[in-house]
Amino acid sequence: MGNKQTIFTPEQLDAYQDCTFFTRKEILRLFYRYRDLAPQLVPPDYTDKPDVTLPYQLIGSMPELKDNPFRQRIAEVFSENGDGNMTLDDFLDMFSVLSEMAPRDLKAYYAFKIYDFNNDDYICKSDLEKTVNKLTRNELTPEEVRLVCEKVIYEADVDNDGKLSLEDFQHMIIRAPDFLSTFHIRI
Amino acid sequence: NSDGKKAGEEGSRQRERGKKAPTKDQKESENKEKKTNKKEKEGDDKQKTDRKNSTTSSSNSSDEESLSEEELAMLMEQVEQKKKLIATMRNKPWRMMKKLSVLREAQAFVEKFEGALGKGKGKKLYAYKMMMAKKWVKFKRDFDNFKTQCIPWEMKIKEVESHFGSSVASYFIFLRWMYGVNLVLFGLIFGLVIIPEILMGMPYGSMPRKTVPRAEQATAMDFSVLWDFEGYIKYSALFYGYYNNQRTIGWLKYRLPMAYFMVGISVFGYSLMVVIRSMARNANESTADGDDDNFIFSWKMFTSWDYLIGNPETADNKFASITTSFKESIVDEQESNKDENIHLRRFLRVLANVLIICCLCGSGYLIYFVVKRSQTFSKMQNVGWYERNEVEIVMSLLGMFCPPLFETIAALENYHPRIGLKWQLGRIFALFLGNLYTFLLALMDDVNEKLAEEDVVKNITHWTLISHHNSSVGNGSTATPPPLDPADVPRGPCWETTVGIEIVRLTVSDILVTYITILVGDFIRACFVRFMNYCWCWDLEAGFPSYAEFDISGNVLGLIFNQGMIWMGSFYAPGLVGINVLRLLTSMYFQCWAVMSSNVPHARVFKASKSNNFYMGLLLLILFLSLLPVAYTIMSLPPSFDCGPFSGKKRMYEVIQETIELDFPLFVAKIFSYVANPGLIIPAILLMVLAIYYLNAVAEAYQRANAELKKKMQMQREEEKNKRNNKASTNPVLQDLEDLFTPTTKSESHLKQAEDKKIDSPNRTSPAAKTRPDKAAALGGSPMTGGRGTAFTPPPHMFVTRPPAPHVWAPYPGQPRPRGYPLGPVPGRGRGQPRYSYPAQ
């Protein structure tokens with residue numbers, strides 16, 4: 001009991017529970033995971049909200065992320081200023097979205113942001129190419145990649161502007177049978 | 001004071017928003033702006049009210065009195081809004097800092113103005129309600145915290161997930177769910193039947209049914225006997241026969257036979273409810289229609305990576321499988337209908353099905369034969385271990401060897417792996433089901449024999465008791481005769497316990513076979529491959545034996561069938577659920593260990609779409625099928641006369657009638673008799689059938705409307721795309737030309753454009769043009785849109801209005817342009833010249 005008190009105040013814990021999909025225990029577990037990444041940087045006491053940011057190198061080396069081809073994008077999307085360095089709040093945010101409880105729409109929103117490599121709020125051809133190359137480790141020929149990208153645009157682009165907007169993406173991803181089960185990291 | 005703070009917060013929020021605005025996309029920022037405006041308005045309102053509060057500077061209460069009705073209503077609405085905001089805060093795609101600050105603000109707002117709401121008497125009520133709501137929220141959160149702490153094996157499953165991806169882990173999640181269900185069943189049966197019987201029922205040895213017969217007593221404690229569930233185990237509370245037919249037991253007047261019956265029913269009721277509820281939840285959750293093939297490539301791109309993977313080896317496999325699947329789809333797309341020997345394939349498929357049906361029939365006959373033989377064995381003395389366990393051994397061996405055999409035969413058919421998986425599942429299912437039901441039929445024969453035997457024994461028992469009585473009377477002793485030792489009383493065969501024992505033995509042997517298969521097929525094989533690889537002539541790891549993959553479908557089916565056995569057996573062997581709980585518990589650890597130590601991730605994973613509900617559907621089917629024999633025996637077989645809680649009754653369900661007659665007031669019995677009247681039951685069933693019919697019709701109508709809408713959308717899209725493409729390729733001069741030729745119908749001009757594009761496209765290979773030949777073919781039903789060269793996406797309405805094939809290619813009057821006609825000056829078309837300025841023409 002006393003241990004919990006020293007990390008977060010009860011109000012903080014309640015607020016975090018309101019803002020994420022985690023229970024108290026999971027929040028504490030996430031905190032320990034976060035702290036284990038850099039024990040010398042992260043103070044054991046978060047009651048006065050210390051301003052601590054962990055670099056992407058540490059975040060990306062977590063076993064949950066280290067084999068994910070999109071790990072850099074995930075870290076960038078969820079970090080405060082888009083450079084992949086994370087505060088505890090960002091960290092909680094990330095795993096909250098990727099948790100099992102998060103609703104489909106929220107997941108779709110962040111998935112869109114993750115696949116939107118150049119941050120222009122559309123998934124355009126270059127984003128798609130990057131995605132395919134990451135997924136297949138550049139095993140496909142440029143011709144095949146181009147074909148796949150064209151097919152994706154053809155299938156999912158509802159408003160015919162040659163790129164996927166958030167609406168297009170949601171329309172497509174919400175029907176996918178595997179989306180919820182695969183866009184999920186257990187912590 | 002608080003105002004200042006709030007204003008500060010507001011400011012900081014706005015700063016934050018300002019900082020963020022350029023990075024968000026347009027629409028969203030617009031949205032945000034709207035939201036901000038609203039918020040600001042709200043804030044203004046708030047400040048206004050605040051100001052009013054402060055300016056009046058009187059006591060709070062008078063202030064509240066001064067609020068008018070509308071203001072109150074507005075305030076109420078705002079508070080409600082804020083509350084909703086708090087509740088849905090976690091669903092907002094905001095940064096944590098923003099969420100936290102908005103949350104704090106909303107909470108402060110609610111805190112502040114909640115008290116001001118409500119009037120007079122209503123106020124107290126309102127405050128009370130609010131307090132209760134708050135307490136309720138807190139309780140719910142604590143309860144949720146507690147609940148998530150109770151979910152076991154989260155870490156184990158995570159480990160498996162990160163090694164094998166979500167599909168293998170889904171088996172373990174299913175196993176965990178099953179364990180939960182069984183735990184509830186276990187609680188029901190142990191809490192309401194077994195423990196009361198042990199605590200309050202007559203002790204062991206007090207009456208014949210609770211005593212080992214004299215002839216068996218010498219060996220009753222031998223391990224080999226106990227292992228067959230004979231001896232002391234047979235005469236224990238684990239089996240039906242042990243229970244007494246006394247109406248009430250103990251000082252609690254616990255009605256055990258009644259409880260036994262009700263628990264037996266509620267086991268089925270609870271299982272049905274749980275399965276159906278989780279099926280409904282799954283169906284609700286997945287708005288996805290898995291067989292929608294509109295988004296093949298998009299789904300492959302955006303959902304094929306499994307974010308759960310956290311193991312380099314698995315990641316390598318996944319990368320490889322994604323690459324293959326992309327390549328496959330590209331090939332599929334390019335040659336959607338390649339020619340092959342359809343006759344040969346058809347022949348092979350028929351052959352495969354014939355072979356498999358032969359296998360199924362053979363296995364069914366084998367089981368029937370073996371069960372029949374075991375009945376003759378059971379009459380003989382001193383039979384060997386094999387003879388006693390023949391049925392279980394044969395069934396387990398069949399279950400072990402038939403699925404791989406099916407897989408081998410299925411290789412003949414050459415189906416797509418996804419379809420092949422479904423066939424394989426269906427066949428294994430048929431095999432298991434056939435085996436189970438042959439087993440049951442043979443058992444039924446046995447039961448009927450036992451029932452005939454029972455009549456004879458009944459008389460013998462009767463006469464033994466009487467003669468014992470007479471002999472003691474005839475001895476001239478005046479005292480009451482010493483009661484006959486319960487071990488010496490002749491017994492009936494007690495078919496219920498026999499059935500229970502058969503099922504328990506089957507379950508136990510199934511457990512053993514499963515574990516041994518895992519140990520030999522996975523672990524020993526893995527060890528062999530790993531260590532013999534250093535001194536072998538070929539590469540064992542990559543070559544022939546290699547490591548085993550985890551067989552998801554087989555394991556899930558095994559689990560489902562096991563559960564069916566449990567459901568079937570739990571009425572006659574209440575202890576069976578306990579065995580099953582142990583089995584699931586050990587199998588969780590054992591299989592986790594086995595999968596982590598000796599299996600490799602799948603090279604190619606084809607998940608059956610909506611597999612969750614597919615498996616649940618199988619479970620439901622099995623539940624229903626295992627309910628049938630139990631219901632049949634309850635309703636139409638007479639219970640044994642000297643064992644079990646229903647002995648002495650004609651049918652088991654009479655226990656309910658008895659309870660109603662003896663324990664309830666008269667009118668309940670009357671109502672019950674009315675309700676049980678067939679005149680009432682038949683209309684009720686009819687009504688249900690009608691309701692099902694109606695709901696089914698409604699669902700179908702919705703489905704049709706859905707499909708219609710989908711088609712409409714597709715058409716609209718296609719039309720728009722077409723228009724856009726035409727606009728892109730048609731230059732203004734052509735527009736003029738079209739204006740000139742206005743008399744021709746619109747559809748014809750469309751046709752013309754389509755034709756233009758057709759000629760144009762082979763060189764241009766425009767993406768939109770060559771993408772959907774199959775779709776166009778489906779719409780048009782014409783063969784000319786087959787290959788990739790014949791690319792054109794015609795406006796759909798054209799196909800609706802006229803049969804396409806002859807019209808499209810027929811030269812129109814004034815447009816004598818057959819297919820592939822090299823374009824040149826066309827007489828009679830003065831202004832047609834610029835048309836030929838296409839690139840590469």
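In this predicted model, B:Ser325 has a relative accessible area of 18% and is therefore buried, since residues under 20% fall into that class. The residue belongs to helix H11 of chain B, which covers residues 312–334, and its side chain reaches the backbone oxygen of B:Ile322 at 3.0 Å.

Two further residues of chain B stand out by their backbone geometry. B:Lys253, although not a glycine, has a positive phi of about 55°, and its place is in the loop between helix H8 (223–227) and H9. With a relative accessible area of 53%, B:Lys253 is exposed, because the exposed class begins over 50%. B:Cys494 likewise is not a glycine and has a positive phi of about 55°; this residue is located in the loop that lies between H15 and H16 of chain B. B:Cys494, however, counts as buried, its relative accessibility being 10%.

The largest cavity contains about 140 Å³ of space and is lined by 13 residues, among which B:Leu440, B:Val499, B:Tyr572, B:Pro629 and B:Thr633 lie nearest its centre. Two or more residues of this lining are given by each of three elements of chain B, namely helix H15 (417–474), helix H16 (495–532) and helix H19 (611–636), and H15(B) gives the most, with four residues. In terms of residue class, the lining of the largest cavity comprises 12 nonpolar residues and one polar residue, with no charged residues.

The second largest cavity holds about 80 Å³ of space. Its lining is formed by B:Ile189, B:Val193, B:Tyr260, B:Val263, B:Gly264, B:Val267, B:Phe268, B:Ser570, B:Phe571 and B:Pro574. Helix H7 (154–200) and helix H9 (256–285) of chain B each supply at least two residues of this lining, and H9(B) gives the most, with five residues.

Conventions. Residues are numbered from 1 along each chain as its sequence is written. Chains are lettered from A and ligands numbered from 1 in the order in which they are written. This is a predicted model: local features need pLDDT of at least 70, side-chain atom pairs count only at pLDDT 80 or more; totals for chains, interfaces and linings use all residues. Side-chain values use heavy atoms; hydrogens and water are left out. On a 1 Å grid over the protein atoms alone, a cavity is a set of points where a 1.4 Å probe fits but cannot get out, and a pocket is an open set with protein on both sides within 12 Å along at least five of seven lines; lining residues have an atom within 4 Å of a point. Grid points are joined across faces, edges and corners, and a volume is the space filled by probe spheres set on the points. Ala, Val, Leu, Ile, Met, Phe, Trp, Tyr, Cys and Pro count as nonpolar, Asp, Glu, Lys and Arg as charged, and the others, Gly among them, as polar. Buried means under 20% relative accessible area, exposed over 50%, partly exposed in between (1.4 Å probe, protein chains only). A polar contact is a pair of N or O atoms within 3.5 Å; within protein, one must be able to donate a hydrogen and the other to accept it, and residues adjacent in sequence count only if both atoms are side-chain atoms.
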